[in-house]
Amino acid sequence: MTQWQEADTIKSEIEAADTIFIHRHVRPDPDALGSQLGLQRILKSVHPEKQIYVVGSMVPDLEFLGKMEHVEEEMYQDALVLILDTANQERIDGPFALKGKTIIKIDHHPDEDPYAMTQIVDTSVSSTSEMIVELADIWGYPIDQEAAFLLYAGIVGDTGRFQFRNATARTFEIASALIAKDIDTNKLYRHMYKTNLATLQLQGYVLQHVQVTEEGVGYVKIDKDVLRTFHASPEAASQLVNSFSGLEGLKCWVMFVENKKEIRVRIRSKGPVINEVAKRYRGGGHPMAAGATIDTWDEMDDVIAALNEVAGEFTFEENEES
């Protein structure tokens, strides 16, 4: 992979460091945690003498993947910091991440904020977890069963169980190799897709209240009153963004979820490029999956109007012919 020419440099930095911190983005998804914890496991198996920490807040629903560790600022003085799956500085989870001696970024999101000294960014790869598998192969580092479980979880999460177009032939090859480690996929799916009664009832609300514009933009508004009614958290509500993705005629869709101080905007697409829209509202992401933030409900109409614009210019027929 010619675009991965920094792989050897990163390996050298890892081997030279005594202390390594691994960070990822806030509100982590399975890919963020799978790549983070999977890389820690790989590095610890090869370099048991090193101090290797995983840092950040945890999402209760994903605690089955592992635990984060407590760190202090002074520990970063001569440390190597690996930041995974995080496109922008603002989204890095952990206040000390950029205080290390050497900062390295490994990511599959568009490179709009090259904040690291050394980086590998490849938007053609399904997930950062897939990138970690490739890097381990380049470095000659073995992946044991535990690491394989974590990295497979990340790939499954970011490909929507291999349904999204980012799942390439190489993705399936890597997934197959990880499964060959005899990982417990039953355990993974049991934990990863479990839900409680409150969230299930909230999903019913979402399905009953989805609206669709003439341009094919679906949207749902979840404010604090709805969250209170269903005893649901903003995080749980945000996970329902794909619950109406199969709706006929839908080109892209968005879920607005009110948090304590802001309104999270989760956007998904079947064709129209939506990350440029997300950038206008303090966000970003992939062309088909992005997120943003607005401050008031008045801005919701502006987001929908912007999505109507990109959706109106897209037709499935033209895309399929090309």
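Colleague: How many bridges join strand β1 to strand β3?

Modeller: Four bridges join β1 to β3 (residues 80–84), and the two strands run parallel. This is a predicted model. As a general idea, strands of a sheet pair through backbone hydrogen bonds, either parallel or antiparallel.

Colleague: Which way does β2 run relative to β1, parallel or antiparallel?

Modeller: Strand β2 (residues 51–54) runs parallel to β1, and four bridges join the two. Here Ile22 has Val54 in β2 as its bridge partner. To get from β1 to β2, the chain passes through helix α2 (residues 30–46), and this β-α-β crossover is right-handed.

Colleague: Is β1 mostly covered or mostly open?

Modeller: Mostly covered: of the five residues in β1 (residues 19–23), four are buried.

Colleague: Now a helix. Which residues of α1 are buried?

Modeller: In α1 (residues 7–16), the buried residues include Ala7, Ile10 and Ile14. Viewed down the helix axis, the buried residues of α1 fall within an arc of 65°, so they line one face. The face turned away from that buried side carries the exposed residues Asp8 and Ala16.

Colleague: What covers the buried residues of α1?

Modeller: The cover includes strands β1, β3, β4 (102–107) and β5 (118–121), together with helices α2 and α3 (128–139).

Colleague: How should I read the aromatic pairs, and how many are found in the whole structure?

Modeller: A pair of aromatic rings is described by the distance of the centres and the angle of the planes. A search of the whole structure finds nine aromatic pairs. In one of them, the ring centres of Phe21 and Tyr76 are 3.8 Å apart and the planes are at 5°, so the pair is stacked. Phe21 belongs to β1 and Tyr76 to the loop between β2 and β3, so the pair ties together parts that are 55 residues apart in sequence. Phe21 is buried, with a relative accessible area of 0%, and Tyr76 is also buried, at 0% relative accessibility.

Colleague: What is the geometry of the pair Phe314 and Phe316?

Modeller: That pair is edge-to-face, with 5.2 Å from centre to centre and 90° between the planes. Phe314 is buried at a relative accessible area of 9%, whereas Phe316 is partly exposed at 26%.

Colleague: Which residues form one aromatic cluster with Phe21?

Modeller: Tyr53, Tyr76 and Phe96 form one aromatic cluster with Phe21.

Colleague: Which ring lies under the charged end of Lys187, and which under that of Lys221?

Modeller: The charged end of Lys187 sits over the ring of Phe149, 5.3 Å from the ring centre. For Lys221, the ring is that of Trp297, and the charged end sits 4.7 Å from its centre.

Colleague: Back to strands. In what order do the strands of the six-stranded open sheet come?

Modeller: The order is β6-β7-β8-β9-β11-β10, and the pairing is mixed. At the edges stand β6 (211–212) and β10 (284–285), each with a single partner strand, so one side of each is left without a neighbour in the sheet. Two bridges join β6 to β7 (residues 217–222), and that pairing is antiparallel. Within this pairing, Val212 stands opposite Gly218 in β7.

Colleague: Last, the backbone. What is the phi of Asp85, and what is that of Asp182?

Modeller: Most residues other than glycine have a negative phi. Asp85 has a positive phi of about 60°, although it is not a glycine. Asp182 likewise has a positive phi, near 65°.

Colleague: Is Asp85 buried or exposed, and is Asp182 buried or exposed?

Modeller: Asp85, in the loop between β3 and β4, is buried, with a relative accessible area of 1%. Asp182 lies in the loop between α5 (169–179) and α6 (185–192), and at 58% relative accessibility Asp182 counts as exposed.

Notes: Residues numbered from 1 in each chain as written. Predicted model: local features only at pLDDT ≥ 70, side-chain atom pairs only at ≥ 80, totals over all residues. Heavy atoms only, no water. Buried < 20%, exposed > 50% of the residue type's maximum accessible area, 1.4 Å probe, protein only. Pairing = 2+ DSSP bridges. Right-handed = clockwise from strand over helix to strand, strands pointing away. Arc of directions from axis to C-beta. Contact = heavy atoms within 4.5 Å. Phe/Tyr/Trp six-rings, centres within 6.5 Å; stacked < 30°, edge-to-face > 60°. Lys NZ or Arg CZ within 6 Å of the ring centre and 35° of its normal.
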